[in-house]
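Open your viewer and switch to a cartoon view. We will go from stop to stop, selecting as we go.

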Amino acid sequence: MKILKGYTKNLHRSKASIVERYIAKEAIEFCSEYLEKEKPVGLPESCHDERVRGKGSRGLHVITPSVEDLQVAHLYVLNNSNEFLPYILHHEGLVKESNPKMSKSKVLKEHNKTFLNWFKDTIFGDDNNYDTLRKLVDGPKRNVITWQGYDINKYSFYKKAQDEKSTLQNNGVTLRVESQHFASVHDDNPHVAFIPYFGFTEEIWELNYVKFTICVFKCKWVDSNTGVRTDDVGFTLVDLKKLAY
């Protein structure tokens, strides 16, 4: 009743005033729900709505990167696949067990250095592993397709070199990462934290695993300590000239 009484603007005709305001409210709500389901007239539709899985948009080239760069990209794919997490944790445990006096930061370096070869021996020695794992173990083909532009997750990304030709900038990237931070190489108690990283896209690779492809971005990242700050209003300011490793 309090809401209905609030509709009264003319005390001499209170009932008519309530009915008039109530009908107007219902009409507005109906129109709002109806318009949400309809397509806008005269306005362009977004060309990225259906591009979730990923598709190269411009500047296709084929390159043959160095073996080291290809292994780094391949290791990144493995480290970010849920299927490989048990193998990653198991191998880290084996490295630590074999080198009990080694600091944790050195254990992680040794793990990254030896994981691929150990993983190949483990997968091919087990007949129960499914085909996707075996294809990933083989690694991507030596020839890599690169793109100047790539559409994925309803966004368009361009290489920085491509964006330098345009007034619109689509090369910026940001990533919120859970990582271990070491005070020194001898630190055995790393601090785990979520850290936001900011940077720009330097190269876009499409790794070919025969039966499927995986897109990876090679990025330059800004130094979080000296190149990122928050202003008085709360906006994050990034200096793209202060790059980290």
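Start by selecting His91. Buried or exposed? Its relative accessible area is 4%, and under 20% counts as buried, so His91 is buried. Keep in mind that this is a predicted model.

Now show the side chain of His91 together with that of His111. A polar contact joins the two side chains, at 2.8 Å.

**Helix α4**

His91 sits in helix α4. Select residues 85-98 to see the whole helix, 14 residues in all. How far apart are its end C-alpha atoms? They are 20 Å apart.

Next, colour the buried residues of α4: Tyr87, Ile88, His91 and Val95. Turn the model until you look down the axis of α4. The buried residues fall within an arc of 100°, so they line one face of the helix.

Now pick another colour for Pro86, Leu89 and Glu97. These exposed residues are on the face of α4 turned away from its buried side.

**Helix α3**

Move on to α3, residues 67-79. This helix has 13 residues, which at 1.5 Å a residue should span 18 Å. The end C-alpha atoms of α3 are 18 Å apart, in agreement. Which residues of α3 are buried? Select Leu70, Ala73, His74, Leu75, Val77 and Leu78.

**The second largest pocket**

At least two lining residues each come from α3, from α5 (104-124) and from α6 (131-138). Colour the lining by class and you get 7 nonpolar, 5 polar and 5 charged residues.

**Last stop: a loop**

Finally, select Val210. Where is it? Val210 lies in the loop between β7 (191-208) and β8 (213-221). Check its backbone: phi is near 75°, a positive value in a residue other than glycine. Val210 has 55% relative accessibility, and the cut-off for exposed is over 50%, so Val210 counts as exposed.

Key
Residues are numbered from 1 along each chain as its sequence is written. This is a predicted model: local features need pLDDT of at least 70, side-chain atom pairs count only at pLDDT 80 or more; totals for chains, interfaces and linings use all residues. Side-chain values use heavy atoms; hydrogens and water are left out. Helices (H or I, at least four residues) and strands (E, at least two) are DSSP runs, numbered from the N terminus. The expected span of a helix is 1.5 Å times one less than its number of residues. Buried means under 20% relative accessible area, exposed over 50%, partly exposed in between (1.4 Å probe, protein chains only). The arc is that of the directions from the helix axis to the C-beta atoms. Ala, Val, Leu, Ile, Met, Phe, Trp, Tyr, Cys and Pro count as nonpolar, Asp, Glu, Lys and Arg as charged, and the others, Gly among them, as polar. A polar contact is a pair of N or O atoms within 3.5 Å; within protein, one must be able to donate a hydrogen and the other to accept it, and residues adjacent in sequence count only if both atoms are side-chain atoms.
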